[in-house]
Every structure is written in structure tokens, then in C-alpha cells.
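Subject: Structure handover

Hi,

Here is the structure for you to look through. My notes follow below it.

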Amino acid sequence: VSDLVSNNFPSLISSTIQAVMTITIMIIFSWKLTLTITVAIVLMFAVVAIITSKCSPLFKAQQKAIGEVNGYSEEYIKGIKVVKLFCYEDITKSTFTELNENYRKIGVKANVIGGFMSPMMSMITRVNYAIVVVLGATFVLSGEMSVATLITYLDKSKSYASPIVSIASTYNSLVSALA
């Protein structure tokens, strides 16, 4: 939670401002092309919502599992004399291994699912960029837009995704911190 507030909150604010400013500039250059970008942004937020809905229970389970591992370890260390007295080392070790393996499985699953966010965002951004290039070229050919405006727009359209990915990443960190 401390890391979230100290590191991610300022990033969230600056990313939000950057996203709003970039999209505003893009609307000024071409509102028609910006509609295409809006579809991509909606898709990005849908991806974030889907991945977060899958990760949130896993993050909670991961926190519970690490709590069990830590609790068991602390109990074992405090009661080490009793464990040794009754020769429970093997039982204690197998229980710890089982708890630790459960934590590992949940953690891997949570991180694998959470790891899909960035590649999915990147794919949506690249496909959308290709669509904007094609639409922009048709606008240039029809005389609706100049080549210079299209080039400037394309430059801005490359940078709109970065703050949105940052916002999505911060949201994912928030979900993890809340767990």
C-alpha cells in the first residue's frame, strides 16, 4: 500500500493528465481519426477489466497463502524444541513444503494472468495504429487532411497508449495492494 501511494499515485496523476492532453490534441487534428483511437481505448479498458477480474481473487488467495506460510514458519520456529522433542521434523517439513507449493502455484497463476495485460495493450495499440495509418491515408488522398497533419497526428497517436498502459498498470497494482 505504501509503495502504491508513494510510487504509483504520482504516476497515475501525470499519466491521466498526459492522456487527456494527448487525446485533446488528437481531437483538434482529426476528430474522425480520434474516434478510431477511442475504440482502442475502450478495448484497452475492457482488457484491463477482464484481466483484473481474473487477477483480483488470485491476488487475495496469494496474500492468504503467504500468510499461511509465514504463520506456519513462525509457529515452527517458536515451537522448535517441541518439534525436535517429538521428532516431527519430517512432518513439519512436508507441511511447510505443501504450504509453500500452494503459494508458488497461486503466485505463478496470478503473475501469468497479470502478465497478459501489457502484451494485449501493445497488440491493441499496434493494430489501431495500422488502422489509423490506412484511414489517415484515405483522408489525405481525398483532400480532407494534409500530409503534415497526418504525420503530426500519427506521432501523437503513437504516444497516447503509454499513459493509458501506465494507468492500467497502476490499477493492477491497486488491486494487488487491496488484496
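Helices α4 (89-115) and α5 (117-142) each supply at least two residues of a nonpolar surface patch. The largest share, four residues, comes from α5. The members are Val 108, Val 112, Phe 116, Met 120, Met 123, Val 127 and Ile 131, with about 600 Å² of accessible area together. Patch residues have over 30% relative accessible area and no salt bridge; nonpolar side chains (Val, Leu, Ile, Met, Phe, Trp, Tyr) are joined within 5 Å, like charges within 9 Å. Areas come from the Shrake-Rupley method with a 1.4 Å probe, and for residues only the protein chains shown count as cover. Helices (H or I, at least four residues) and strands (E, at least two) are DSSP runs, numbered from the N terminus.

This is a predicted model: local features need pLDDT of at least 70, side-chain atom pairs count only at pLDDT 80 or more, and totals for chains, interfaces and linings use all residues. Residues are numbered from 1 along each chain as its sequence is written, and side-chain values use heavy atoms, with hydrogens and water left out.

Val 127 counts as partly exposed because its relative accessibility is 48%. The classes are buried (under 20% relative accessible area), exposed (over 50%) and partly exposed (in between), with a 1.4 Å probe and protein chains only.

Now the helix packing. The axes of α2 and α4 come within 8 Å and cross at roughly 160 degrees. That makes α2 roughly antiparallel to α4. The crossing of α2 over α4 is left-handed. Helix α2 (residues 31-78) also packs with helix α6 (residues 147-159), at an angle of about 20 degrees and with the axes 12 Å apart. So α2 is roughly parallel to α6. Here α2 passes in a right-handed crossing.

The terms, for reference:
- Axes are lines fitted to C-alpha atoms, for helices over the stretch in contact; angles run from 0 to 180 degrees between N-to-C directions.
- Angles under 35 degrees count as roughly parallel, over 145 as roughly antiparallel, 65 to 115 as roughly perpendicular, and the rest as oblique.
- A crossing is left-handed if the near helix is turned anticlockwise from the far one by less than a right angle, right-handed if clockwise.

Next, charge pairs. The structure holds five salt bridges. Each is a side-chain nitrogen of Lys or Arg within 4 Å of a carboxyl oxygen of Asp or Glu. Three of them follow.

Glu 144 pairs with Lys 32, the closest N and O atoms being 2.8 Å apart. This pair links distant parts of the chain: Glu 144 sits in the loop between α5 and α6, Lys 32 in helix α2, 112 residues apart. Glu 144 is partly exposed at 48% relative accessible area. Lys 32 is partly exposed at 35%.

Lys 78 and Glu 74 meet at 3.1 Å, N to O. Both lie in helix α2, four residues apart, about one turn of the helix. Lys 78 is exposed at 67%, while Glu 74 is partly exposed at 46%.

Lys 64 and Glu 68 form a salt bridge with closest N and O atoms 3.8 Å apart. They are separated by about one helical turn, because they stand four residues apart in helix α2. Lys 64 counts as exposed at 57% relative accessibility. Glu 68 is partly exposed at 32%.

Best regards
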